[in-house]
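These are my notebook entries on a single chain. I set down below what I looked up, entry by entry.

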Amino acid sequence: MTRSGCRRLLGPLLASALVLAASACGSGEPTADGAQPSGSGSAGGPVSITVNCMPPKTNKAQRTTYEEDLAAFRKLNPDINIEKVTDAFPCYEPRTFEAKLAGGQLETVFFVNFPNVGRLVAAGQAADLTPYVGELKTFKDYNASLDIFKKDGKVYGLPTDGYGMGLVYNRDVFTKAGLDPANPPKTWAEVREAAKKISALGPGYVGFGEYSGNNVGGWHFTASLYGRGGDVVTPDGKQAAFNSPEGVAVLENLKQMRWTDDSMGSRLYIDWPALMKAMAGGRMGMMLGAPDVLISLRNDFQAKFENYAVAAQPEAKALFNGGAGYMINPKATPEQIRAGLKWIEYEFLTPGKGQLDYVRAKGANLTVGQPYPDLYGADTPSGQEVLRLRSENANVAPEQFALWVQGSKGIPPKAEPGPYAQEIYAILDTPMSAVLTRRDADPAKLLADAEAKVNALLAKKG
């Protein structure tokens, strides 16, 4: 993902694995109890590791650059055998991840989104990287994003990606509907009016699209709730807080657009690819999303990139911020941990290499220059080099992102709701789906029912 290609937050199924190199030391697969394979290596000897989150074959350009990076990394590190890479689209899908986690089948180096970090650390399902991170050249340049992967002074993973929400819209559709693409909606009332005009274009046109299941419904409910000034959980994380006027307003707005305005169409977008595919189809006007949604629309769904832009989230009082990174299997040997960290640094954290190779990205007709939260301090060597390379190789039109950059200034960022965010999102899928499928849905009752379930979940988790 381009950064969204790496993030690929939610979706249907992880694809089949691709064997990249044979090994005399074994298959490289963790055993059923999570133990690492016999080819774990020893001090001074070869070491085998497995990794996940390879771009899918449908994203040809990014897949090619990733394979180039694997080859280059092997050449630089002949003692490290990246034995198996799991092709993934998206990189995190709740059902698949939880099954692999429970069965001890996670790769040596595995992708993790921010909400899962805390619970994996608490459960002992991620290796302590503290003794090793000092060996990384770029580690000292990290900004506060690293704190997400810390507990009690120890480091359990490395962030590689971040995002902040906005309003993604199709400028071509806006023009067809008589709307000004240079002046997108700034309030939810304006969103409703624009959505009605778009849906009035005729069959197949959808004014505003929204998720309704597979945890992404609850994820987007959270983004909208934060924007209205609400909270998902109390500050101590022990009680639900979304059964509030702000929470009701989120659902009531969607209900009115769906049933009163008839501007959302009748189709449910249950998972991440479904809504993205619809947005890429050229007949949907708006959706919530981060700036890198435009990149994924182009690279993963073959949308016409220049038709899209992103503005600030309407009326936002807080900006939903999230992201992802990588952790290492707790069964990994010290040699495997060092090897895994070398790969993470090479592919995701080294200016001019891997995902930060902006010269290659521009030459491969990948997008360069879109805004996103940086991982390094702006005054650090790594941060300065990333900004220089990105600026020198930018190939996207600044105006596609300018309204998001300008409109999001000063809006305080707000993180996802704690270590049990995914379980909470699953519960919040129900009210999101209900208001989009039932004309008589009662937002207040739906939130009260969800509140009881979330409170029970949090009480059980302690």
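**Entry 1: F174.** Does F174 count as buried or exposed? The model is a predicted one, and in it I found F174 at 1% relative accessibility. Because the cut-off for buried is under 20%, F174 counts as buried. I placed F174 in helix 6, which covers residues 171-176. I then looked up its contacts, leaving aside neighbours within four places in sequence. The partners of F174 are Y169, L179, D180, P181, P184, P185, I198, G285 and M286. I also checked F174 against V293: the two are 119 residues apart in sequence, and their C-alpha atoms are 18 Å apart in space.

**Entry 2: helix 12.** I compared the span of helix 12 (residues 334-349) with expectation. At 1.5 Å a residue, its 16 residues should span 22 Å. The C-alpha atoms at its ends are 21 Å apart, which agrees. How many of the 16 residues of helix 12 are buried? I noted twelve, so that the helix is mostly covered. Among the buried residues I listed W343, Y346 and F348, together with E345 and E347. Q336, I337, A339, G340, L341, I344 and L349 are also buried.

**Entry 3: helices 9 and 17.** Two packed helices are described by the angle between their axes and the distance between the axes. I looked up both for helix 9 (residues 245-260) and helix 17 (residues 443-461): the angle is about 130 degrees, and the axes are 9 Å apart. That angle makes helix 9 oblique to helix 17. The crossing of the two helices is right-handed. By class, I recorded five nonpolar, one polar and two charged residues in the contact of helix 9 with helix 17. From helix 9, the residues taking part are G247, V248, L251, E252 and K255. They meet P443, A444 and L447 in helix 17.

Entry 4: I looked up N214 and found its phi near 55 degrees, a positive value in a residue other than glycine. N214 lies in the loop between strand 9 (206-208) and helix 8 (216-227). With a relative accessible area of 14%, N214 is buried.

Where is E315 placed? I located E315 in the loop between strand 11 (308-311) and strand 12 (319-328). Phi of E315 is likewise near 55 degrees, a positive value in a residue other than glycine. At a relative accessible area of 46%, E315 is partly exposed.

Technical notes. Residues numbered from 1 in each chain as written. Predicted model: local features only at pLDDT ≥ 70, side-chain atom pairs only at ≥ 80, totals over all residues. Heavy atoms only, no water. Helix = DSSP H or I, 4+ residues; strand = E, 2+ residues; numbered from the N terminus. Expected span 1.5 Å × (residues − 1). Buried < 20%, exposed > 50% of the residue type's maximum accessible area, 1.4 Å probe, protein only. Contact = heavy atoms within 4.5 Å. Axes fitted to C-alpha atoms, helices over the stretch in contact; angles between N-to-C directions. Parallel < 35°, antiparallel > 145°, perpendicular 65-115°, else oblique. Left-handed = near helix turned anticlockwise from the far one by under 90°. Nonpolar A, V, L, I, M, F, W, Y, C, P; charged D, E, K, R; others polar.
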